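Hi,

Here is the structure I said I would pass on.

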Amino acid sequence: MAVTGIGGLFFRSHDPEGRAAWYREHLGIDAGAEGSDAVWQQEAGMTVFAPFSPDSPYFDADQPFMLNLRVTGLDAMLAHFDGAGIAVERQPDWETEYGRFVRIHDPEGLPIELWEMPK
């Protein structure tokens, strides 16, 4: 018996339909609001599952979690975000041997870390 992966991510929202539409439009995720049959087919790859201490500076303390998404074509995504008026947080130390990282926030403030693995 073993867990083989994450089967879903469910979270509360003040505007489930609008938030799902944002994820579809800006990240290409087949997101659906509660009760929908939207299923996002992902590519196989690494998933980091790590609890953080309450005082960790890694992401905003008022958020219970941060979503990290593996991406390709990060530069094209950044151009899209710039055109859509989505603020992108960049830090020099986020260019690492593990890849490139940037952060955006969804319409309700959830931090989303985008991770482009090294080529």
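Predicted model: local features only at pLDDT ≥ 70, side-chain atom pairs only at ≥ 80, totals over all residues.

Start with the two helices, H1 (residues 16–27) and H2 (residues 74–84). Their axes are 10 Å apart and the angle between them is about 130°, so H1 counts as oblique to H2. On the H1 side, the residues that meet H2 are Glu25, His26 and Leu27, and their partners in H2 are Met77, His80, Phe81 and Ala84. Sorted by type, the residues of this contact are four nonpolar, two polar and one charged.

Next, the largest nonpolar core, which has 20 residues. The members that touch the most other members are Tyr23, Leu27, Phe81, Ile104, Ile112 and Leu114. Two or more residues come from each of H1, strand E1 (67–71), H2, strand E3 (99–105) and E4.

Now for glutamate 113, which sits in strand E4 (residues 111–116). Is glutamate 113 buried or exposed? Its relative accessibility is 3%, and the cut-off for buried is under 20%, so glutamate 113 counts as buried. What does its side chain pair with? There is a polar contact of 3.1 Å between the side chains of glutamate 113 and arginine 103. Leaving out residues up to four places away in sequence, glutamate 113 also touches Tyr58, Met66, Asn68 and Phe101, among others.

Cheers

Methods
Residues numbered from 1 in each chain as written. Heavy atoms only, no water. Helix = DSSP H or I, 4+ residues; strand = E, 2+ residues; numbered from the N terminus. Buried < 20%, exposed > 50% of the residue type's maximum accessible area, 1.4 Å probe, protein only. Polar contact = N/O pair within 3.5 Å; in protein donor to acceptor, adjacent residues only side chain to side chain. Contact = heavy atoms within 4.5 Å. Axes fitted to C-alpha atoms, helices over the stretch in contact; angles between N-to-C directions. Parallel < 35°, antiparallel > 145°, perpendicular 65-115°, else oblique. Nonpolar A, V, L, I, M, F, W, Y, C, P; charged D, E, K, R; others polar. Core = buried A, V, L, I, M, F, W, Y, C linked by side-chain atoms within 4.5 Å.
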